[in-house]
Amino acid sequence: MKLHLDPALCVRATSKLSICTKCADACPESVEIVEQLPSFAKSTGVEAAACVGACPTSAFSLSDFSVTEFFFTFLESKVRLISSKLNVPCISVLSVEHLISLATASHEAITIDLTPYETGSHLLEVIELRIEEANYVLSSFSDKVIETNLEKALVKETLSDVSAEKAEEESKEGSRRDFFTKNASLEGVAKHKYAFDQAVEADELHNFDIDQNVIDKIKNKHLPDKRKILFTALKRVETPENFEVLAESDISFVSQKYIDDNCTNCQICYRICPTGALSSNGKFSVINFDAMLCVKCHLCHDVCEPDAIHLQPGFETKEFFDSTQRTLATFEVKRCNECANYFTYTGGELTCPRCAVEEEEALFLHSNAKQMEAEKKAALEAQKKEDEEL
Ligand code: SF4
Ligand code: SF4
Ligand code: SF4
């Protein structure tokens, strides 16, 4: 099972100002940021699955495992245990949103098997933090809790051991077959060498490029499947009578925002937002925000030059059940006298900033040309005077 990155979904490909390091923070041993984009060795597989669950925009995926498919097959099955020995390659492929959705959509409590993970390891810490966050959010609107009860896990482990043994037998048989075919002739030996060279090459970091395909894809707004799953799961929950406000710092996957007076309506944040959580209208006279579309990728904050967009200190759980689009800023817009395009009017001439710059440049060039002409004239007159004196 191999790790994949779709650079077009990574916010670092969208803007060089992005400071997102969530994937590298989750898998520091396998993923690092090289020349703006995440990078990992071609051979990197499921050991780096924590980046799959960490990426806010789902830029990472695994070759033979879809979390979305797992969500539906898990709900259809009778098993309420999630284990790397049973049904997932690693618990860390599950994001906080997946955990909340699984717990919410399941009638019975779900249990997560943490026994395969080394105590004190970074991976276990990442997984435990996600479960803790999911339980914190769940506690605000339901009495469901994700268990990590070892006793329950051990019962199911017996079942999984049976399938694991079976799989091991099959894989032993497979490798035996492989070994004999690959070593039966000189050709086999050559293939072996080729495979070895490939493996070595695979261990070198693979760099991703931002080509035209990536650029075209970036332009499309994309809401990750995990958010659609969360929407679907929350529909099964009875709307609470009272809503809570959760601390912003305790929620990693969604946010609420406000914009202060320093905003210049430069349009960058809502043009760049990968999910469409920030948007405007045809005249660009408002900035709207839909919290449930926000994946907290931080890109809008990273690109805002005057630092005018901020996280609200609390997240209102009302958004989970009655999501509303809020207007964070409004602007007076007028048509430019020069180009007839709308621009944010802050008083004075009816000229948009682009035309104002062009006008300034034209004036500068004109006065430069005039000055050069005057200097040339003066030089000619001086020469004429000199010639007359001679
Ligand atoms: S958007 Fe995803 S892939 Fe890109 S840096 Fe952030 S976590 Fe990594
Ligand atoms: S909030 Fe910042 S990035 Fe967004 S329009 Fe205003 S100034 Fe530009
Ligand atoms: S609103 Fe900002 S943090 Fe939320 S998804 Fe859009 S760019 Fe990312």
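**Ligand shells, core and helices in a predicted model**

Biologist: By class, how many nonpolar, polar and charged residues does the shell around ligand 3 have?

Modeller: The shell around ligand 3 has nine nonpolar residues, two polar ones and one charged one. Please keep in mind that this is a predicted model.

Biologist: Which residues are around ligand 3?

Modeller: They are Cys273, Pro274, Thr275, Ala277, Leu278, Cys294, Val295, Lys296, Cys297, His298, Leu299 and Cys300.

Biologist: Lys296 is in that list. What is its phi?

Modeller: Lys296 has a positive phi of about 55 degrees, although the residue is not a glycine. Lys296 sits in the loop between strand 11 (286-290) and helix 12 (299-303).

Biologist: And what about the phi of His298?

Modeller: The phi of His298 is positive too, at about 75 degrees, and His298 is not a glycine either. His298 is placed in the loop between strand 11 and helix 12.

Biologist: Why do you count Lys296 as partly exposed?

Modeller: Lys296 has 19 C-beta neighbours inside 10 Å. A residue needs 20 or more to be buried and 12 or fewer to be exposed, so a value in between is partly exposed. His298 also counts as partly exposed, with 16 C-beta neighbours inside 10 Å.

Biologist: Where does His301 lie?

Modeller: His301 lies in helix 12. It is partly exposed, with 19 other C-beta atoms within 10 Å. Its C-alpha atom is 9.5 Å from that of Leu17, although His301 and Leu17 are 284 residues apart along the chain.

Biologist: Moving to ligand 1, which residues are the closest?

Modeller: The closest are Cys10, Cys20, Lys22, Cys23 and Cys55, out of 14 residues that surround ligand 1. Helix 1 (11-14) and helix 2 (22-26) each supply at least two residues of this shell. By class, the shell around ligand 1 has eleven nonpolar, one polar and two charged residues.

Biologist: How many charged residues does the shell around ligand 2 have?

Modeller: It has no charged residues; ten are nonpolar and three are polar. In total, 13 residues surround ligand 2, and the closest are Cys263, Cys266, Cys269, Cys304 and Ile309.

Biologist: A change of topic: how many residues does the largest nonpolar core have?

Modeller: The largest nonpolar core has 71 residues, and Ala50, Cys51 and Leu99 have the most contacts inside it. This core draws at least three residues from domain 1 (3-157 + 191-218) and at least three from domain 2 (239-331). In soluble globular proteins, nonpolar side chains tend to be buried together.

Biologist: What does Cys51 touch?

Modeller: Leaving aside residues up to four places away in sequence, Cys51 touches Cys23, Ala26, Cys27, Val31 and Phe60.

Biologist: For helix 4, which residues are buried?

Modeller: Val67, Phe71 and Phe74 are the buried residues of helix 4. Seen down the helix axis, they fall within an arc of 75 degrees, so they line one face of helix 4. On the other side, Glu69, Thr73 and Glu76 are exposed. What covers the buried residues of helix 4 includes helix 5 and helix 10.

Biologist: And which residues of helix 10 are buried?

Modeller: In helix 10 (residues 225-234), the buried residues are Lys226, Arg227, Ile229, Leu230 and Ala233. Their arc around the axis is only 155 degrees, which puts them on the same side of helix 10. They pack against helix 4 (67-76) and helix 5 (96-105).

Biologist: Finally, how many helices and strands does the protein chain have?

Modeller: The protein chain has 14 helices and 16 strands. Of its 390 residues, 28% count as buried. Among contacts between residues at least 6 apart in sequence, 75% join residues at least 24 apart.

How values were computed: Residues numbered from 1 in each chain as written. Chains lettered and ligands numbered in written order. Predicted model: local features only at pLDDT ≥ 70, side-chain atom pairs only at ≥ 80, totals over all residues. Near = placed C-beta within 6 Å. Helix = DSSP H or I, 4+ residues; strand = E, 2+ residues; numbered from the N terminus. Nonpolar A, V, L, I, M, F, W, Y, C, P; charged D, E, K, R; others polar. Core = buried A, V, L, I, M, F, W, Y, C linked by C-beta atoms within 7 Å. Domains from an automatic or database assignment. Contact = placed C-beta atoms within 7 Å. Arc of directions from axis to C-beta.
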